[in-house]
Amino acid sequence: MYPTKVILSDGSSINIRYHEPRRIIKLPLDLSQLSEDERKIRLEKRKPKKKVKIIDDIEDDFNAKKYLRFIKK
């Protein structure tokens with residue numbers, strides 16, 4: 001048996017002896033005990049985040065003929 005800390009859903013913790021070598025076991029939160037606003041916030045955090053697409057608009061107005069006079073022959 002291994003000493004293990006169990007974190008309860010209300011944030012309190014207790015020390016137990018567990019058959020597997022683990023340091024911390026965190027118990028899930030009971031959504032039925034939360035208020036409606038807190039429940040909505042928790043459920044929104046579980047949803048996957050949207051990926052942001054970055055579009056680079058680079059204007060290419062480089063003219064090589066403009067710099068030909070600087071090239072040494």
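Is Met 1 buried or exposed? The model considered here is a predicted one, and in it Met 1 has a relative accessible area of 62%. Met 1 is exposed because this value lies over the cut-off of 50%. Once residues up to four places away in sequence are set aside, Met 1 touches Arg 17, Tyr 18 and His 19. Between Met 1 and Leu 29 there is a separation of 28 residues in sequence, and their C-alpha atoms are 26 Å apart in space.

The overall arrangement may be considered next. The protein contains three strands and one helix, and their order along the sequence is β-β-β-α. The radius of gyration is 30 Å, whereas the globule rule gives 11 Å for 73 residues; the protein is therefore more spread out than a compact globule. Taken along the principal axes, the box filled by the C-alpha atoms is roughly 85 × 40 × 15 Å. Of the 73 residues, 5% are buried. The contacts may also be sorted by separation in sequence: among those between residues at least 6 apart, 0% join residues at least 24 apart.

Thr 4 lies in strand β1, which covers residues 2-7. The relative accessibility of Thr 4 is 3%, and Thr 4 is buried because this value falls under the cut-off of 20%. Which residues is Thr 4 in contact with, leaving aside its neighbours within four places in sequence? They are Ile 14, Asn 15, Ile 16, Tyr 18, Glu 20, Arg 22, Arg 23, Ile 24 and Ile 25.

The largest pocket holds about 170 Å³ of space. Its lining includes Ile 7, Leu 8 and Ser 9, together with Lys 26, Leu 27, Pro 28, Leu 29, Arg 42 and Arg 46. Sorted by class, the lining of this pocket consists of five nonpolar residues, three charged residues and one polar residue.

Terms used
Residues are numbered from 1 along each chain as its sequence is written. This is a predicted model: local features need pLDDT of at least 70, side-chain atom pairs count only at pLDDT 80 or more; totals for chains, interfaces and linings use all residues. Side-chain values use heavy atoms; hydrogens and water are left out. Helices (H or I, at least four residues) and strands (E, at least two) are DSSP runs, numbered from the N terminus. Buried means under 20% relative accessible area, exposed over 50%, partly exposed in between (1.4 Å probe, protein chains only). Contact means heavy atoms within 4.5 Å. On a 1 Å grid over the protein atoms alone, a cavity is a set of points where a 1.4 Å probe fits but cannot get out, and a pocket is an open set with protein on both sides within 12 Å along at least five of seven lines; lining residues have an atom within 4 Å of a point. Grid points are joined across faces, edges and corners, and a volume is the space filled by probe spheres set on the points. Ala, Val, Leu, Ile, Met, Phe, Trp, Tyr, Cys and Pro count as nonpolar, Asp, Glu, Lys and Arg as charged, and the others, Gly among them, as polar. The radius of gyration is taken over C-alpha atoms; the globule rule is 2.2 Å times the number of residues to the power 0.38.
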